[in-house]
Amino acid sequence: MKNDTNKSNAKVYIFPIIIMIIMWFILFLPAGTLKFWQAWILWIGFSLITFFIAVYFTKKSPEFLSRRSKTKEKETVKTPAFLKLYFIGFILPGIDFRFNWSKEPVLLIILSNLIFFAAYIFIFFVFRENTYASTVIQVENKQKVITTGPYSIVRHPMYTGMLIMSLFMPLALGSYFSLIPILFIIPILVFRIKGEEKTLLKELDGYSDYCLKTRYRLIPSVW
């Protein structure tokens, strides 16, 4: 029984480790060098927080990590194909560093990193408040509406954190140019949230009442 538990715990680390490895290649291959110091700061900080989240929920709620590792969903959200240009924003920082396009001040890079990490830590608290948070659109058995913590401010605080991380990632990597495709994260999240709320309103008891109480979806006083 103990061996089965150890094997199960080991599996939940595979997904975050894969994410860390993929992120490393995406950042450093376009740069063509390991001297991309901005990428080292962001990658190390991101990896440490990701690993901490995995360790924390392995002990507190291993089923949460299983949900986060899912990629197939029952309900799919169709977004315009051109919005996939967003992913170019992950490759451009390395190219920018290689050809020295942006002349971003070090202070702005440091400040952007701090905001990026703060947003990721905020997402951790969102996860801790709602262990039903998943990468796919679905409603679990016995799932309840979460109205406390960050969910008392906006209905989708995880996406709020993702938005902040996305917008400050280019600046944390010293690239002004990559901010242009990254801006597509805004319509992507809008499409995602609208699709997700259709499912929640249909399948999750009490969600419609929650929507009346917590008006804003993503950004307080905006939307």
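Predicted model: local features only at pLDDT ≥ 70, side-chain atom pairs only at ≥ 80, totals over all residues.
**Entry 1**

I then looked up the largest nonpolar core, which holds 43 residues. Leu42 is among the residues with the most contacts inside this core, together with Leu27, Ile53, Phe116, Tyr120, Met165 and Leu173. I asked which helices each supply at least two residues of the core. They are H1 (2-31), H2 (37-60), H5 (106-129), H6 (157-172), H8 (185-203) and H9 (207-213). The largest share, eight residues, comes from H5. I note the general background that nonpolar side chains tend to be buried together in soluble globular proteins.

**Entry 1: Overall make-up**

I counted the secondary-structure elements and found nine helices and zero strands. Along the sequence the pattern reads α-α-α-α-α-α-α-α-α.

The protein has 223 residues, and 43% of them count as buried. I also checked contacts by sequence separation: of those with a separation of 6 or more, 80% join residues 24 or more positions apart. The accessible surface of the protein is about 12,900 Å², and carbon and sulfur atoms account for 67% of that surface.

Trp37, Ile41, Val106, Ile110, Leu111 and Leu114 make a nonpolar patch of about 540 Å². H2 and H5 are the elements that give two or more residues to the patch. H5 gives the most, with four residues; H5 also supplies the largest share of the core.

I took Leu111, in helix H5, as one member to examine. Leu111 counts as partly exposed because its relative accessibility is 46%, which lies between the 20% and 50% cut-offs.

**Entry 2: Helix H4 and the residues around it**

I checked the span of helix H4, residues 88-99. Its 12 residues reach 16 Å from the first C-alpha to the last, close to the 16 Å expected at 1.5 Å a residue. Within H4, the residues Gly89, Leu92, Pro93, Gly94 and Asp96 are buried. Asn100 follows H4 and has a positive phi, near 55 degrees.

I next asked which residues Ala31 contacts, leaving aside its neighbours within four places in sequence. The contacts of Ala31 are Phe36, Gly94, Ile95, Phe97 and Arg98. Ala31 lies in helix H1 and is buried, with a relative accessible area of 3%. The C-alpha atoms of Ala31 and Leu92 are separated by 8.8 Å, although the two residues are 61 residues apart along the chain.

Gln38 is found in helix H2. Is Gln38 buried or exposed? Its relative accessibility is 7%, so Gln38 counts as buried.

**Entry 3: Salt bridges**

I searched the whole structure for salt bridges and recorded two. In general, side chains of opposite charge can pair when their charged atoms come close.

Arg155 and Glu197 meet through their side chains in a salt bridge, at 2.8 Å from N to O. Arg155 lies in the loop between H5 and H6 and Glu197 in helix H8, so this pair ties together parts that are 42 residues apart in sequence.

Glu197 also forms a salt bridge with Arg217, with the closest N and O atoms 3.1 Å apart. This pair links distant parts of the chain, since Arg217 is in the segment after H9 and Glu197 is in helix H8, 20 residues apart. Salt bridges with shared partners join Arg155, Glu197 and Arg217 into one network.

I finally asked which of these residues are buried. Arg155 is buried at a relative accessible area of 7%, and Glu197 counts as buried at 5% relative accessibility. Arg217, at 24% relative accessibility, counts as partly exposed.

How values were computed: Residues numbered from 1 in each chain as written. Heavy atoms only, no water. Core = buried A, V, L, I, M, F, W, Y, C linked by side-chain atoms within 4.5 Å. Buried < 20%, exposed > 50% of the residue type's maximum accessible area, 1.4 Å probe, protein only. Contact = heavy atoms within 4.5 Å. Areas by Shrake-Rupley, 256 points an atom, 1.4 Å probe, with all protein chains shown as cover. Patch = residues over 30% accessible without salt bridge, like charges linked within 9 Å, V, L, I, M, F, W, Y side chains within 5 Å. Salt bridge = Lys/Arg side-chain N within 4 Å of Asp/Glu carboxyl O. Expected span 1.5 Å × (residues − 1).
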